[in-house]
Structures are given as structure tokens and as C-alpha cells.
Amino acid sequence: MSKFSKKKKGLPPINTASLPDIVFMLLFFFMVATTMRETAILVKNELPSSTEVKKLSEKRLVSTIYVGAATNTPKNADAPDLIQLNDKIASVKDVRNFIYNERQDIPLAEQSAMTTLIKSDVNSTVGTITDIKKELREINALKVTYATRQKSERK
């Protein structure tokens with residue numbers, strides 16, 4: 001008989017000492033690389049194309065109004081245009097309060113530089129956009145910009 005018994009050799013345990021470092025490094029990477037979407041778009045928003053496109057310089061001074069049909073309507077159906085202000089569907093009369101609330105967050109000196117961006121679907125009617133512009137005119141929000149996409153030049 002032997003005095004010493006042979007121990008069965010198994011796999012050594014996995015070293016998890018560096019695991020918290022790796023987890024925090026991945027967390028930090030995704031926090032830096034991820035962009036947050038401000039609003040969920042509830043209306044169809046296929047932008048019309050344009051040949052002249054200019055980027056807005058001061059994004060924090062921009063209030064966005066989305067115009068289009070509901071996202072669940074079929075393509076060929078004549079659905080009425082809906083207006084989306086922030087994350088809710090609204091009417092033309094609500095545009096006035098929306099702009100007033102947006103102005104409250106901006107210092108008084110910068111309120112004159114505030115721009116209203118209308119992101120309208122390519123199939124939305126001009127009447128809805130005209131009604132929005134009338135409301136904007138009544139509250140002296142005269143800087144209006146329309147969102148478009150760059151027209152691709154295919155030959």
C-alpha cells in the first residue's frame with residue numbers, strides 16, 4: 001500500500017479577477033457610443049427630396065413638428081394628416097402651447113433665434129402645413145424650416 005493517494009486532476013477554476021474591469025470597460029464604451037433618441041415618431045415620415053440642403057447649426061434652439069399619416073395606415077389609403085408634438089399626437093390648436101413651452105426652456109436673449117422645424121411626410125397635404133404656419137405666425141414664431149433629404153443624383 002502506498003501512503004499517498006493520487007488526487008484526480010481536474011480543470012483549474014476560471015480566474016474571474018479581471019471580469020469587473022471588462023464589464024465596466026464595455027459599459028463605458030456603450031455609454032459613450034450610444035445616442036439617445038428624443039422622441040418616438042408616431043406618424044409616417046418619409047421626407048421629400050431636395051437639391052439644396054443646409055444643416056441647422058444650433059440644434060437646441062430647434063422645435064420639431066412632425067406631420068404625416070398614422071404609421072399603421074396602408075400606403076394607398078387616404079388618411080388624414082396627424083400632427084405630432086414631442087411624443088403625442090396633437091391638433092393644430094396645440095401648436096401654440098407647444099411653442100410657448102419650448103420658449104420657456106430657452107433664455108430670453110436666444111428666443112429670437114429659435115427655429116421651428118417641420119418634418120412633413122412626402123404625402124401630407126399642404127393645407128395642414130398652412131394651418132400650422134398660420135398658428136406660428138400668430139405667436140410670432142417666424143423662423144420655419146422644412147426637413148428634407150438630399151436628392152441622389154443617379155445617371
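Trainee: What should I know about the model before reading it?

Mentor: It is a predicted model, in which local features need pLDDT of at least 70 and side-chain atom pairs count only at pLDDT 80 or more, while totals for chains, interfaces and linings use all residues. Residues are numbered from 1 along each chain as its sequence is written, and side-chain values use heavy atoms, with hydrogens and water left out.

Trainee: Which residues of helix H2 are buried?

Mentor: Buried means under 20% relative accessible area, exposed over 50%, and partly exposed in between, with a 1.4 Å probe and protein chains only. Helices (H or I, at least four residues) and strands (E, at least two) are DSSP runs, numbered from the N terminus. In H2, residues 94-104, the buried ones are Val 95, Phe 98, Ile 99, Glu 102 and Arg 103. They lie on the same side of H2, because they cover an arc of only 135° around the axis; the arc is that of the directions from the helix axis to the C-beta atoms.

Trainee: What do the buried residues of H2 pack against?

Mentor: Contact means heavy atoms within 4.5 Å. The partners are strands S2 (62-68), S3 (82-85) and S5 (115-120), and helix H3 (126-138). Take Ile 99, with a relative accessible area of 0%. Leaving aside neighbours within four places in sequence, Ile 99 is in contact with Ser 63, Met 114, Thr 116, Leu 136, Ile 139 and Ala 141. Ile 99 and Ile 65 are 34 residues apart in sequence and 9.9 Å apart in space, C-alpha to C-alpha.

Trainee: Why is S5 described as largely enclosed?

Mentor: Five of the six residues of S5 are buried, so the rest of the structure largely encloses it. Thr 116 is located in S5 and has a relative accessible area of 1%. Not counting residues up to four places away in sequence, Thr 116 touches, among others, Ser 63, Ile 65, Ile 99 and Val 144.

Trainee: How many bridges does S5 make with S2?

Mentor: Two strands pair if DSSP finds at least two bridges between them. S5 and S2 pair in the parallel sense over six bridges, with Ile 65 opposite Ile 118 in S5. S5 also runs parallel to S6 (residues 144-146), joined by three bridges; here Ile 118 stands opposite Tyr 146.

Trainee: Which residues form the nonpolar surface patch?

Mentor: Ile 22, Met 25, Leu 26, Phe 29 and Phe 30 form it, with about 530 Å² of accessible area together. Patches are made of residues with over 30% relative accessible area and no salt bridge; like charges are joined within 9 Å, nonpolar side chains (Val, Leu, Ile, Met, Phe, Trp, Tyr) within 5 Å. Areas come from the Shrake-Rupley method with a 1.4 Å probe, and for residues only the protein chains shown count as cover. Leu 26, in helix H1 (residues 19-33), is partly exposed at 44%.

Trainee: How many salt bridges are there?

Mentor: Side chains of opposite charge can pair when their charged atoms come close. The rule is a side-chain nitrogen of Lys or Arg within 4 Å of a carboxyl oxygen of Asp or Glu, and the count comes to four. One of them joins Glu 135 and Arg 96 (3.3 Å, N to O). Glu 135 lies in H3 and Arg 96 in H2, so this pair ties together parts 39 residues apart in sequence. Another joins Arg 96 and Glu 138 (2.7 Å, N to O).
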